[in-house]
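Please read it alongside the model shown here.

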Amino acid sequence: MDGCLSCKACATQCPIHVDIPTYKAKFLQLYYRQFRRPLRDYLIANIETILSIQSKLPRFWNSITQNPLSSFLFKHTLKLRDLPPLTQNPNHHLTFSHQHNHHSSPLNIPNVTLIQDAFTSFCDAPVLSDMVTFLNKMGLSVEVHPFFKNGKPLHITGFLDAFTKQVNQNSRLLKELTQSGQPLMGIEPSMTLVYRDEYCQCLKQKDPGFKVLLPQEFLSLHLDRLPKLTQPTHDFYLMSHCTEQTAEYNSQTQWKTIFEKMGLNLEIVPVGCCGMAGMYGHDTHHHTHSKHIYDLSWKNAIEKHSIQPHQLLVTGYSCRTQVKRISHFRPAHPIQALLNSIK
Ligand code: SF4
C-alpha cells in the first residue's frame, strides 16, 4: 500500500476491480485511530486550505518555503522535498468573473462554470487564465466559481470522516449549480475525477446528480466553435495523467480530435505514471523510486520520440511538476498550446 501511486488501474482496468487506493484510505483511517499520526499527514490532508491561505501572499510564502534552509528543514523534519512554489500572480480577479457575449443564455447563465482546484489555481495559475481566454475566444461565456476544497487530500491520507463532510457539502453546491443549468468543468484530471469516483462511493450513489467535465469532454461538445488554423504548425505530443487514462478511456482521443479539428497534429504517447502521483514523489523515502518510475516511462518516451520542450503537452499538474523536476523544463497544458496557436 505504501508503494501505491493511486493510478487506479486496479480499480478500473483490472476485471476484478480491486480498488487499492480506497482500501488504503480505509486502512489509514483505522490504523491512525490507534497510533499517532505523523505531523506531515495533517499538512498533506489540509494542503488545499494551506495553499488557499498562502495564495493571498504568494511572494512572502515563496520566500519562506523556497530557500535552502526551509528545503533542508522540510526534508529532515517532515520528510517532504521539492515542494513546488506558488504562482506569483494568482487569478483572484477571475473568481466569479463572468464574460458575457451573444452566446450567453437570456437568463444570464454562463456557457460553463469552472470548478477550481487548489493546484492549478494557486501553483499553476496561467493554465486557469489561459483556459478562460481560450473558451472566450470560442465565443463561450465562463464563470470561475470561487474556490472550495475538493477533499481528495483528506481521502488519500485516510481522514475519511472529514472527507465525507466535505463531499456532502460540495455535492449540495454542485447539484444546485447543475439544477440551475450550468455545465461544470474542472481542469486538473485527478481532482476532477474525484467528483465521479470517490464522491459516488462516499454518497453510495451511481449518479450524484452532477458531473464535472474534463476540459476535453467539454470542448468535445463544442467542436463546431473551434477556430480553424490555416498555417500548419509543428507536431505536438500528449502525455496524460495516469488516473485520467485509466478512468476515462477516450480522454486522450478526445484531445486528438480537438487538435485535428483545429488543423493541428497531436500524437498520443503511451506512458504510465510519471512517478509524482500527487504527494508520492515529494515523500523523501519515495524519492529514488519516483525518479525510477519517471525514467521507465516518461523519460524514455521523451527520448524515443525526440520530443522538444515546446512540443510536449501534459494534462496533470503533478506530472508537469515532475517533468520540470527531472527533465528541467515545464511542459504546457494542451489548452495553452491551443491558445498559443491562435494568438
Ligand atoms: S499503483 Fe495503481 S494499480 Fe497499483 S495498487 Fe496503486 S492504484 Fe492500483
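Four strands make up an open sheet in this predicted model, arranged in the order S2-S1-S3-S4 with parallel pairing. Strands (E, at least two residues) and helices (H or I, at least four) are DSSP runs numbered from the N terminus, and two strands count as paired if DSSP finds at least two bridges between them. Residues are numbered from 1 along each chain as its sequence is written. Local features need pLDDT of at least 70 and side-chain atom pairs count only at pLDDT 80 or more, while totals for chains, interfaces and linings use all residues; side-chain values use heavy atoms, with hydrogens and water left out.

At the edges of the four-strand sheet are strand S2 (142-144) and strand S4 (212-213), each of which pairs on one side only. Between S1 and S2 there are 3 bridges in the parallel sense; in one of them, threonine 113 has glutamate 143 of S2 as its bridge partner. Helix H8 (residues 125-137) lies across S1, S2 and strand S3 (184-185), and runs at about 160° to S2. Such angles run from 0 to 180 degrees between N-to-C directions, with axes fitted to C-alpha atoms, for helices over the stretch in contact. Contact means heavy atoms within 4.5 Å.

A further open sheet has 3 strands in the order S6-S5-S7, again with parallel pairing. Strand S6 (266-268) and strand S7 (312-314) each have a single partner strand, so one side of each is left without a neighbour in the sheet. Neighbouring strands here are turned by 30° against each other on average, direction ignored. Strand S5 (residues 236-239) is joined to S6 by 3 bridges, and tyrosine 237 has glutamate 267 in S6 as its bridge partner. Helix H15 (residues 251-261) packs on this sheet and touches S5, S6 and S7, its direction making about 165° with that of S6.

**Domain 1 against domain 3**

The domain assignment, which is automatic or from a database, gives domain 1 (9-78), domain 2 (92-220) and domain 3 (228-342). The C-alpha centres of domain 1 and domain 3 are 23 Å apart. In contact across the interface are 6 residues of domain 1 and 7 residues of domain 3. The two domains bury about 540 Å² between them, 59% of it on carbon and sulfur atoms; buried area is the accessible area (1.4 Å probe) lost when two parts are put together, summed over both. Of the area that domain 1 buries against domain 3, Thr12, Gln13 and Arg40 supply 57%, more than any other three residues.

**Salt bridges**

A salt bridge is a side-chain nitrogen of Lys or Arg within 4 Å of a carboxyl oxygen of Asp or Glu. The whole structure has 13 of them, and the count between domain 1 and domain 3 is 1. Two examples follow.

| aspartate 283 | arginine 40 | 2.8 Å |
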